[in-house]
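Subject: Model handover

Hello,

Here is the model we talked about. My notes on its cavity and pocket follow below.

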Amino acid sequence: MQGRKLEIRLAAPRGFCAGVDRAIQIVEEALGKWGAPVYVRHEIVHNQHVVSRLEGMGAVFVEELDECPPDRPVVFSAHGVPKAVPAEAERREMVYVDATCPLVSKVHVEAERHHKAGREIVLIGHAGHPEVIGTMGQLPEGAITLIETEDDARAFEPKNAANVAFVTQTTLSVDDTADIVAILQDRFPDISAPHKEDICYATTNRQEAVKAMADGCDLFLVIGAETSSNSKRLVEVAKRAGAKDSRLVASASNVDWDWFEGVETLGLTAGASAPEDLVQGLIAACRARFDIEVVPITTAQETVTFKLPRVLAAEV
């Protein structure tokens, strides 16, 4: 294959979003402030390379709060947690830092607002995803109904069709979600929608970049984790937008080079929790095998940043 030409269409924006940047920085600053170990409930972001690097610095990742000793700080992941988790941390008099992405927190606030107004709430999202568990855990059990598919939207029967609201997971497919919302709005014309779309800017931007470049790609690779919702959506978007084949890979070491048989144009992007060095590593692996030309395709400029929590920002 050496010497064969390969065009790599490189998507921008790609990789880390502001919420992921902030969450990683929170763990790093917590380690700097309190020393190791700092405990982190659930993967801080869905990427094993990020998790491994932070473990090397002294972070200890656990699934539940009862795995944390009460005398060490704990960080809650970017995906958000049910209200019961910080309540339990306070009961145990633990020091905790909430790294929930502000755009996820916005969805939590919306859900609470609808609940206080007496509305029946629908959450569009994927069962079992930590963000969905966190959002549903903001309110009493039964206050939120999860809708995953168009069929779910058609089958949903509220107690009062004139008093319904919807919120969404932040990392969904923009197009799939629009289809589900259209069904709900058709069935319930008075349904309350978010003031501003819940799907976050980074998810939307990464999907738009893929849509702009997928047509004509023989193969499209998305760097991201199997547990990353936004990364998996990018694979689906690439296929739908015209890529002949699209696949999710954790890094260059997970690439099967047989996939490149007959490939002249490769699309490449990374999910919102994948670090840029993985992108560059895959480009380097291609360069070792092909005569490559990298063609950047930029569809948006991102300037969003989020402040650190006050408990850390005061000393940064």
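Helix 8 (201-213) gives the most to the lining of the largest cavity, with three residues. Helix 1 (18-34), helix 4 (102-116) and helix 9 (229-240) each supply at least two. Helices here are DSSP runs of H or I with at least four residues, strands are E runs of at least two, and both are numbered from the N terminus.

This is a predicted model: local features need pLDDT of at least 70, side-chain atom pairs count only at pLDDT 80 or more, and totals for chains, interfaces and linings use all residues. Residues are numbered from 1 along each chain as its sequence is written, and side-chain values use heavy atoms, with hydrogens and water left out.

**The cavity**

The count comes to one cavity of 30 Å³ or more. The volume of the largest cavity is about 310 Å³. A cavity is a set of points, on a 1 Å grid over the protein atoms alone, where a 1.4 Å probe fits but cannot get out; lining residues have an atom within 4 Å of a point. Points are joined across faces, edges and corners, and a volume is the space filled by probe spheres set on them.

The lining has 24 residues, and Cys17, Val20, His79, Thr171 and Asn230 lie nearest the centre. By class it has twelve nonpolar, eleven polar and one charged residues. Nonpolar means Ala, Val, Leu, Ile, Met, Phe, Trp, Tyr, Cys and Pro; charged means Asp, Glu, Lys and Arg; the others, Gly among them, are polar.

**Annotated sites**

Cys17 sits in the loop between strand 1 (5-12) and helix 1. It counts as buried because its relative accessibility is 10%; the cut-off for buried is under 20% relative accessible area, with exposed over 50% and partly exposed in between (1.4 Å probe, protein chains only). Not counting residues up to four places away in sequence, Cys17 touches Tyr201, Ala202, Arg206 and Ala272. Contact means heavy atoms within 4.5 Å.

Cys200 is in the loop between helix 7 (174-187) and helix 8. At 11% relative accessibility, Cys200 is also buried.

His79 lies in the loop between strand 4 (74-76) and helix 3 (84-91). A polar contact of 3.5 Å joins the side chains of His79 and His46. Such a contact is a pair of N or O atoms within 3.5 Å; within protein, one must be able to donate a hydrogen and the other to accept it, and residues adjacent in sequence count only if both atoms are side-chain atoms.

**The pocket**

The largest pocket holds about 170 Å³ of space. A pocket is an open set of points with protein on both sides within 12 Å along at least five of seven lines. Its lining has six nonpolar, three polar and three charged residues. Helix 1 gives the most to this lining, with four residues.

Best wishes
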